[in-house]
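Trainee: I have a chain open here and would like to go through it with you. Can we start with the overall picture and then move to the packing?

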Amino acid sequence: MGIVVAVFMLLGLLMLSPWDKLSLGAKRYKPSTANFIGTGLLLTGLWNSLWHGLRYIEYFWGIAGLVSGTFMVLVAIMIIKQFGTNILSTLGIIKTLDGVIRPFKILCLIGLLFSFLLYSITLIQLNLGLPILG
């Protein structure tokens, strides 16, 4: 599941990237792509924070799951509101939460970037048989 979570973190970062060359969302997005990335990031973020994070909160990876899952959910809300065309984008709670977190967009992206780096480096270490954090 770590690979799936890391992939959706990367897709979320690319969707809201402030640099046009890296951004999937600036001018090149398709609504179906935005819906897939936003919904997938939301679901994996909820799984990461609520299922894994809270279940193992006493361990390093439980805390990492809670924090990274929170950043995933926040970025997913921004993607769904800005680019989405599915039922989620019309929900009042999404609009309200987007208004609250939009001023912190860069902080959310930085948090998601650090989470992605932690997960990616750890996955590489695991595959190479190296020791990991935690």
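Trainee: What share of the contacts in the chain with a separation of 6 or more comes from residues 24 or more positions apart?
Mentor: That share is 66%, where contact means heavy atoms within 4.5 Å. Keep in mind that this is a predicted model, in which local features need pLDDT of at least 70, side-chain atom pairs count only at pLDDT 80 or more, and totals for chains, interfaces and linings use all residues. Residues are numbered from 1 along each chain as its sequence is written, and side-chain values use heavy atoms, with hydrogens and water left out.

Trainee: How many helices and strands are there in the chain?
Mentor: Five helices and zero strands. Both are DSSP runs numbered from the N terminus: helices are H or I with at least four residues, strands E with at least two. The radius of gyration, taken over C-alpha atoms, is 15 Å, close to the 14 Å from the globule rule (2.2 Å times the number of residues to the power 0.38) for 134 residues, so the chain is as compact as a globular protein of that length.

Trainee: And what does the C-alpha trace span along its principal axes?
Mentor: About 45 × 30 × 25 Å.

Trainee: How much of the chain is buried?
Mentor: Buried residues are 38% of the 134. Buried means under 20% relative accessible area, exposed over 50%, and partly exposed in between, with a 1.4 Å probe and protein chains only.

Trainee: Now N35. Buried or exposed?
Mentor: N35 is at 16% relative accessibility, so it counts as buried. N35 sits in helix α2, residues 31–55. Leaving aside residues up to four places away in sequence, N35 touches G40, G84, T85 and N86.

Trainee: On to packing. At what angle do α1 and α3 pack?
Mentor: About 45 degrees, with the axes 10 Å apart, for α1 (residues 2–15) and α3 (residues 60–83). Axes are lines fitted to C-alpha atoms, for helices over the stretch in contact, and angles run from 0 to 180 degrees between N-to-C directions. The two helices are therefore oblique to each other; under 35 degrees counts as roughly parallel, over 145 as roughly antiparallel, 65 to 115 as roughly perpendicular and the rest as oblique.

Trainee: Which residues of α1 meet α5?
Mentor: G2, I3, V5, A6, M9, L10, G12 and L13. Their partners in α5 include L109, F116 and L123. The axes of α1 and α5 (residues 105–128) are 9 Å apart, at about 145 degrees.
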